[in-house]
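Here are my notes on this entry, as numbered points. Please read them with the model open.

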Amino acid sequence: MSKILVTGGAGYIGSHTVVELKNAGYQPIIVDDFSNSQESALAGIESILGTAVPIYRIDCGDEAALRGVFEAEKDIKGVIHFAAFKAVGESVARPLDYFRNNVGSLLTLLAVMPDFGVENLVFSSSCTVYGIPDALPVTEATPTKPASSPYGRTKQMCEEIVHDVSAAPTNTLRTILLRYFNPIGAHESAKIGELPLGVPNNLVPFITQTAAGIREKLTIYGNDYDTPDGTNVRDYIHVVDLAKAHIVAVQRLLDRKASEPVETFNVGTGRGNSVLEVVHAFEQASGQKLNYSIGPRRPGDVPAIYADATKAATVLGFKTETSLADSLASSWKWQQTLAKK
Ligand code: UD1
């Protein structure tokens with residue numbers, strides 16, 4: 001069983017990826033400092049898998065501690081690097097924290113990996129690197145635009161750092177950059193899912209908390225955009241589908257099939273849905289009427305973005321399997337499970 005280090009493995013996407021890795025025959029090793037995740041995710045993972053996954057409670061930016069993990073585990077074959085802060089608004093308020101954490105942890109990893117002969121990296125990037133695109137859908141060749149937040153800038157910088165490191169004459173690193181669109185939903189068991197701390201920033205947890213009576217109502221941030229119904233358009237991908245893209249990427253690196261030192265893939269469904277469509281799809285999937293109203297635009301929001309998912313399909317053989325309705329139903333099941341706890 002090849003050992004794969006998963007930084008941020010107790011987080012939302014990380015926890016689902018740990019489960020899929022194990023199911024695919026890998027041995028995931030989690031590194032997480034629980035700054036934006038919860039210990040309960042570990043119990044969920046263990047309950048789904050029927051076995052515990054090794055966990056190191058360290059900050060991935062702590063070089064000595066990270067070295068300790070590689071030393072203890074000895075034969076790590078690859079790294080999936082999720083550990084990062086991800087709230088757009090918070091990144092505007094605390095830019096230094098974002099640069100230090102998101103860029104710093106990648107730099108630390110890249111410094112440590114070669115000393116242990118670890119050459120394979122899957123990096124969590126984001127469609128945010130495209131900024132406001134000129135044309136839709138976006139392909140991997142769509143030029144990146146200035147990011148609308150420090151968070152977005154950290155993802156752009158991390159991609160550039162990986163490219164520069166890989167261009168060095170002595171480089172042996174091979175990386176797959178996965179540009180995620182909007183992950184939603186939860187594991188079918190409802191044992192792991194998104195655990196937003198405090199008031200959620202993201203649409204779907206805000207919707208499910210409103211339906212559960214935790215929030216009074218959802219505010220839709222603007223209905224005067226140049227989109228079919230005036231609300232923002234995004235590409236919502238089920239988190240388990242997204243997790244599976246990492247398994248395919250890791251396998252490609254271990255099989256030495258990557259055609260370049262750095263490969264980039266969009267990971268989305270290829271479908272764009274408006275905020276209103278998501279609200280109505282949620283109402284149908286859950287049978288709940290949602291209290292919502294239209295409010296002002298949220299600064300920094302991109303009017304519309306969705307993936308051209310062709311490259312992931314043709315090169316990786318990766319396709320999403322879950323519909324928007326089923327994704328939202330799984331979010332609702334997860335919310336109801338949380339309410340019972
Ligand atoms: C953004 C980034 C994404 C990043 C994510 C992290 C872009 C295009 N995407 O996603 O890369 O990983 O932040 O959090 O920059 N909405 C409401 N009311 C709410 C909440 C959201 O109307 O209470 C709307 C937003 O205006 C947006 C959509 O719902 O149109 C999705 O918002 P959200 O879930 O926050 O994700 P993004 O901002 O798309």
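1. Strand 5 (residues 120-126) and strand 6 run parallel and are joined by seven bridges. Within this pair, L121 sits opposite T175 of strand 6. Keep in mind throughout that the model is predicted.

2. The link between these two strands goes through a helix. Strand 5, helix 6 (residues 150-167) and strand 6 form a β-α-β unit, and that unit is right-handed.

3. Six bridges connect strand 6 to strand 11 (residues 262-267), and the two run parallel. Here L178 faces F265 of strand 11 as its opposite number.

4. How many of the seven residues of strand 6 are buried? Seven of the seven, across residues 174-180, so strand 6 is largely enclosed by the rest of the structure. The cut-off for buried is under 20% relative accessible area.

5. Now the two faces of strand 6. In a regular strand, side chains alternate between the two faces of the sheet. R174, I176, L178 and Y180 point one way from strand 6. T175, L177 and R179 point the other way. All of these are buried, the arginines R174 and R179 included.

6. Seven strands form an open sheet, with the order 3-2-1-4-5-6-11 and parallel pairing. Its edges are strand 3 (55-56) and strand 11, each of which pairs on one side only.

7. Elsewhere in the sheet, strand 1 (residues 3-7) runs parallel to strand 4 (residues 76-81), with five bridges between them. V6 is placed opposite I80 of strand 4.

8. Next, the ligand. The ligand is surrounded by 20 residues, and the closest are S126, T219, N232, R234 and D301. Which strand gives the most to this shell? Strand 8 (residues 218-221) does, with four residues. By class, the shell holds nine nonpolar, seven polar and four charged residues.

9. An N or O atom in the side chain of R298 lies 2.8 Å from a ligand oxygen atom. A polar backbone atom of Y221 is 2.9 Å from an oxygen atom of the ligand. For K86, a backbone N or O atom is 3.1 Å from a ligand oxygen atom. As for cover, the ligand has 740 Å² of accessible area on its own, and the protein covers 92% of that.

Notes:
Residues numbered from 1 in each chain as written. Predicted model: local features only at pLDDT ≥ 70, side-chain atom pairs only at ≥ 80, totals over all residues. Heavy atoms only, no water. Buried < 20%, exposed > 50% of the residue type's maximum accessible area, 1.4 Å probe, protein only. Pairing = 2+ DSSP bridges. Right-handed = clockwise from strand over helix to strand, strands pointing away. Near = heavy atom within 4 Å. Polar contact = N/O pair within 3.5 Å; in protein donor to acceptor, adjacent residues only side chain to side chain. Areas by Shrake-Rupley, 256 points an atom, 1.4 Å probe, with all protein chains shown as cover. Nonpolar A, V, L, I, M, F, W, Y, C, P; charged D, E, K, R; others polar.
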